[in-house]
Amino acid sequence: MSQIRPLIPLLITAGILIGGNGLQGTYISLRALQEGFSTSLIGLVGTGYNIGFAIGCIYVTRILRSIGHIRTFSAMAAIASAASIAMVLLIDPWFWFLMRLIAGICFASLFATVESWLNARVTNANRARTLSIYRLVDLGSVTAAQYLIPTVGIEGFQLFAIVSMALTLSLVPISFADRSSPGAPEAIRFDVKALWNISPLATIGCIVVGLTNSTFRSLGPIYAEGIGLSITAIATFMSVGIIGGVVLQYPLGLYSDRLDRRLIILLATFGSLLAGLFLALFAGSDEWLNFIGIFIFGAFAMPLYSLCSAHANDHAAEGQHALVSAGMLFFWSCGAIIGPLFASFMLDIFGPQALFIYTAAVLAAFMLYTLQRMTARSAVPAGARSMRFRNLLRTSSFFNKLAASPEDKKKV
């Protein structure tokens, strides 16, 4: 613990940010529904956040190199706090789209700042423990934050104020961190063509994860409300899906290190597809069947991003792993921009079950593409792979470096 103690302020800050972001995503969808926004407009608001997140991923390293970690974090936390509280002042979908776009830029920058800072402070001796605590902070804060919605209620300004307060208070623990600011991180290079050449399957896979998983995070509350779940049950529904994502991460990752990784990607995609069809066709409005279905969906769907990233790294040459890390997050953001918007139109036309019909259709197409790629290219032998599977958060490209094992770290 003596080695972990200096990192505690940064981990607390990360918990506040992750929890506030998770709360805001669910709450805004429900509040927009209460305000009379159509499902397609709610999808548009969700798309605004993902556009902003993609912009933040591209430019945050330049900002960090220009003004440093402390100034970047302070500026982005203040802007995100203002954007959050401004949403209660004007209830308008286009204004909310703009505020969520600004929030996306800020959150991408905030996560990158914290994770870059952690990378500068973590050592090989405490890396595994720090990563474990970080994942617990992620899971705990997102889950706990969901239950503020039924506790406080979706009416009024209270939850907007709570999100704004959380973002402002995130400045406090980081202010007590080590006084020395980390050095400027290396510039991150985006090369779309190079990433496609490294692994077309991984590139398409990350887009698919954005099209499906991000759509669940944006429109899952709308689906749950549409089938008649209470506010408390909606919070549970979203939490169960997130918790489910933890269950199969390491088993799937372990087998992907030993077998053709594309087989495990195929298995995870098939499991997600079946869970989506179960939710769309059989769960109906039954609360427990929906909890079971979304738990299974999360268990298979959430590891797909990490599996695709690992597959890309299998084919990456020395010195290309940083490009893969940044590119995977960028392509995920591209899918996350399109998914909520397209799926929201389907929900407007066909009702809540269309969410998982859409998800299943996208996953079915990805299965076919995976099978095609398996015939077009031989698998990389397990002994020839430069990196093992790593359980990744889609917060910033710096998380890949944090999650790297000591022997992999120099390659990231």
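**View 1. Ser396 in the loop between α17 (354–376) and α18 (398–403)****.** Ser396 is found in the loop that joins helix α17 (354–376) to helix α18 (398–403), where helices are DSSP runs of H or I of at least four residues, numbered from the N terminus. The structure is a predicted model in which local features need pLDDT of at least 70 and side-chain atom pairs count only at pLDDT 80 or more, while totals for chains, interfaces and linings use all residues. Residues are numbered from 1 along each chain as its sequence is written, and side-chain values use heavy atoms, with hydrogens and water left out. With a relative accessible area of 4%, Ser396 is buried, a term that means under 20% relative accessible area, as against over 50% for exposed and partly exposed in between, with a 1.4 Å probe and protein chains only. Ser396 and Leu110 are 286 residues apart along the chain, and their C-alpha atoms are separated by 9.1 Å.

**View 2. The packing of helix α2 (residues 39–67) against helix α4 (residues 93–121)****.** Two packed helices are described by the angle between their axes and the distance between the axes. For α2 and α4 the angle is about 35 degrees and the axes are 6 Å apart, the axes being lines fitted to C-alpha atoms over the stretch in contact, with angles that run from 0 to 180 degrees between N-to-C directions. The crossing of α2 past α4 is right-handed, meaning that the near helix is turned clockwise from the far one by less than a right angle. The residues of this contact comprise 21 nonpolar, 7 polar and 1 charged, where Ala, Val, Leu, Ile, Met, Phe, Trp, Tyr, Cys and Pro count as nonpolar, Asp, Glu, Lys and Arg as charged, and the others, Gly among them, as polar.

**View 3. Val60 and Phe53 in helix α2****.** Val60 lies in α2 and is buried, with a relative accessible area of 3%; Val60 and Met76, 16 residues apart in sequence, are 10 Å apart in space from C-alpha to C-alpha. Phe53, also placed in α2, counts as buried at 2% relative accessibility. Ring pairs link Phe53 with Tyr49, Phe107, Phe111 and Trp332 into a cluster, rings of Phe, Tyr and Trp (its six-membered ring) being paired if their centres lie within 6.5 Å, with planes under 30 degrees apart counted as stacked, over 60 as edge-to-face and the rest as tilted.

**View 4. The aromatic pair of Phe216 and Phe237****.** The structure holds 17 aromatic pairs. In the pair of Phe216 and Phe237 the ring centres are 6.2 Å apart and the planes stand at 65 degrees, so the pair is edge-to-face. Phe216 belongs to helix α10 and Phe237 to helix α11 (residues 231–247), so that the pair links distant parts of the chain, 21 residues apart.

**View 5. The course of helix α10 (residues 200–226)****.** The 27 residues of α10 should span 39 Å at 1.5 Å a residue, and the 37 Å between its end C-alpha atoms agrees with this; the expected span is 1.5 Å times one less than the number of residues. At Leu219 the helix bends by about 55 degrees, and Pro221 follows within four residues, the bend being the angle between axes fitted to the seven residues ending there and the seven starting there. Because 22 of its 27 residues are buried, α10 is largely enclosed by the rest of the structure.

Key
Helices (H or I, at least four residues) and strands (E, at least two) are DSSP runs, numbered from the N terminus.
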